[in-house]
Amino acid sequence: MLAAKANMIQQFNHRNIKILQNLGYEVHVATNMVDFGSMSAEENERFKQWMSDNKVVAHQVDFERRMGSLKGNIRSIKQLRQIFKMNDFAFTHVHSPLGSILGRFVAKQFKVPTIYTAHGFHFFKGGPKSGWLFFFPIEWLFSFITNTIITINNEDYVFAKKYLHANNIVGINSNGVDVLNALKVSEDEKKQKRYVFRKQFNIPEEAFVISSVGELSTRKNHSLVLEALNLLEESERKKIYYIIAGTGDEKSNLLNFANSIGFIDNFLLLGYQSDIHSLNFASDISILPSLREGLGIAGLDATVDGTWLLGTKFGGVSDYLSHDVNGWLIDPRNPLELKKCLEKLLQNKRLSMGGELLLKFDNTSVDKKMIDTYESMSGGRKYDQ
């Protein structure tokens, strides 16, 4: 199991690791556990302890950020080659752009089959030309040395089937969330958790709470919400609290922006939060304003929890957000559009529908497909380019 940053394994692959172990595999994880990505240091330590407790063999690889530098990528390739030399892998499952490219490059040298999960291609309808010019040729070329490509949204699945050249293309409905248990949470439980969460962070019960979950980065685009809030009348803005769960490099920029528009007292950066459900219950609406989103587990969690979602129209959010049913699709480049949505919601709060519409995203449905995909690799060395 290989990804550039440990957060990709921690957030999306606990169940995959357990599936592989239940199928009889010894699981190794190769990732950067020093520069570990968008989670807290405490969560990184818990993840490393979880791997130790579950007999996962961990390998530190010094992957750099984004697509890395030539020098850094050569160093990572050397580290991966050493890992592959010391172990006889049946196959490797790669994630993230940099991890998937370097992982498949080395796996090809050692004739090890690969599964690649694309957590949202970096080129998409309405996306920037730079994504198509840089990432599409790379994905097309590396698809020739990939046994199975897994996509997590419908747009990517259709594209991969048409243009990419892996032996198998598999579509799954996200990485799975616990829909069935979410449906069992009563309205009384939600109200109690809403009360406790708001009290914990000193948010008035009568406040209109907007929440976002995700890394504090330019791609996640939380500044859009602040721009839209700045367009509201001051009397409306005073009623609103905007809270974000996540860590990242944009923290100071967001705080400075909130301060510059006089919103700093109602703007809360909570850092990494393990209990996202209570945050959703405490929120009147959730916003996923990303410039690009493979699927957006945070948005899916919100809709499953029954929170009205304003989600980006770029990526896989439309797979689970039905416009005017459980939320609205928005243009993440248009703060005026978002401002108008907020005005409507302030005048007439919307209640989302429950998660019954989203059963195909349940863990059990996704895990069945992953079991089938992993079992298809049981031939191991039968695959030889």
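These are my notebook entries on a predicted model of one chain.

**Entry 1: ground rules.** I count residues from 1 along each chain as its sequence is written, and I use heavy atoms for side-chain values, leaving out hydrogens and water. Since the model is predicted, I take local features at pLDDT of at least 70 and side-chain atom pairs at pLDDT 80 or more, while totals for chains, interfaces and linings use all residues.

**Entry 2: overall build.** I looked up the secondary structure and found 16 helices and 13 strands in the chain. Helices here are DSSP runs of H or I with at least four residues, strands are E runs of at least two, and both are numbered from the N terminus. I then checked the radius of gyration, which is 21 Å, close to the 21 Å that the globule rule gives for 385 residues, so the chain is as compact as a globular protein of that length. That radius is taken over C-alpha atoms, and the rule is 2.2 Å times the number of residues to the power 0.38. Along the principal axes, the C-alpha atoms fill a box of roughly 65 × 40 × 40 Å.

Entry 3: Buried is under 20% relative accessible area, exposed is over 50%, and partly exposed is in between (1.4 Å probe, protein chains only). The chain exposes about 17700 Å², with carbon and sulfur atoms supplying 52% of that area. Accessible areas come from the Shrake-Rupley method with a 1.4 Å probe, and for residues only the protein chains shown count as cover. For charge, I found 46 positive and 42 negative side chains, with the centres of the two sets 6 Å apart. Lys and Arg are the positive ones and Asp and Glu the negative ones, while His and the chain ends are not counted. Each charge is placed at NZ of Lys, CZ of Arg, CG of Asp or CD of Glu.

**Entry 4: contacts and cores.** Of the contacts with a separation of 6 or more, 69% join residues 24 or more positions apart; contact means heavy atoms within 4.5 Å. Which residues touch the most other members of the largest nonpolar core? In that core of 54 residues they are I17, I243, L300, Y320 and Y374. A nonpolar core is a set of buried Ala, Val, Leu, Ile, Met, Phe, Trp, Tyr and Cys residues joined through side-chain atoms within 4.5 Å. Beyond four places in sequence, L300 touches S174, V177, L295, Y320, L358 and F361. I also found a second, separate core of 30 residues, including I101, F121, I149 and L164.

**Entry 5: L20.** I located L20 in helix α2 (residues 14-22), where L20 is buried at 6% relative accessible area. Setting aside residues up to four places away in sequence, L20 touches M1, Y25, V27, F91 and Y374.

**Entry 6: M8 and S96.** M8 is in helix α1 (residues 6-12), and S96 is in the loop between β4 (92-95) and α5. Are they buried or exposed? M8 is buried at 15% relative accessibility, and S96 is buried at 12%. With residues up to four places away left out, M8 touches A3, N13, H95, S96 and H119, and S96 is in contact with A3, A4, M8, T117 and H119. M8 and H95 are 87 residues apart along the chain, with their C-alpha atoms separated by 7.4 Å.

**Entry 7: positive phi.** I looked at two lysines. K55 has phi near 60°, a positive value in a residue other than glycine; K55 lies in the loop between α3 (41-53) and β3 (57-60) and is exposed at 69% relative accessibility. K111 has phi near 55°, also positive in a residue other than glycine; K111 lies in the loop between α5 (97-109) and β5 (114-118) and is exposed, at 53%.
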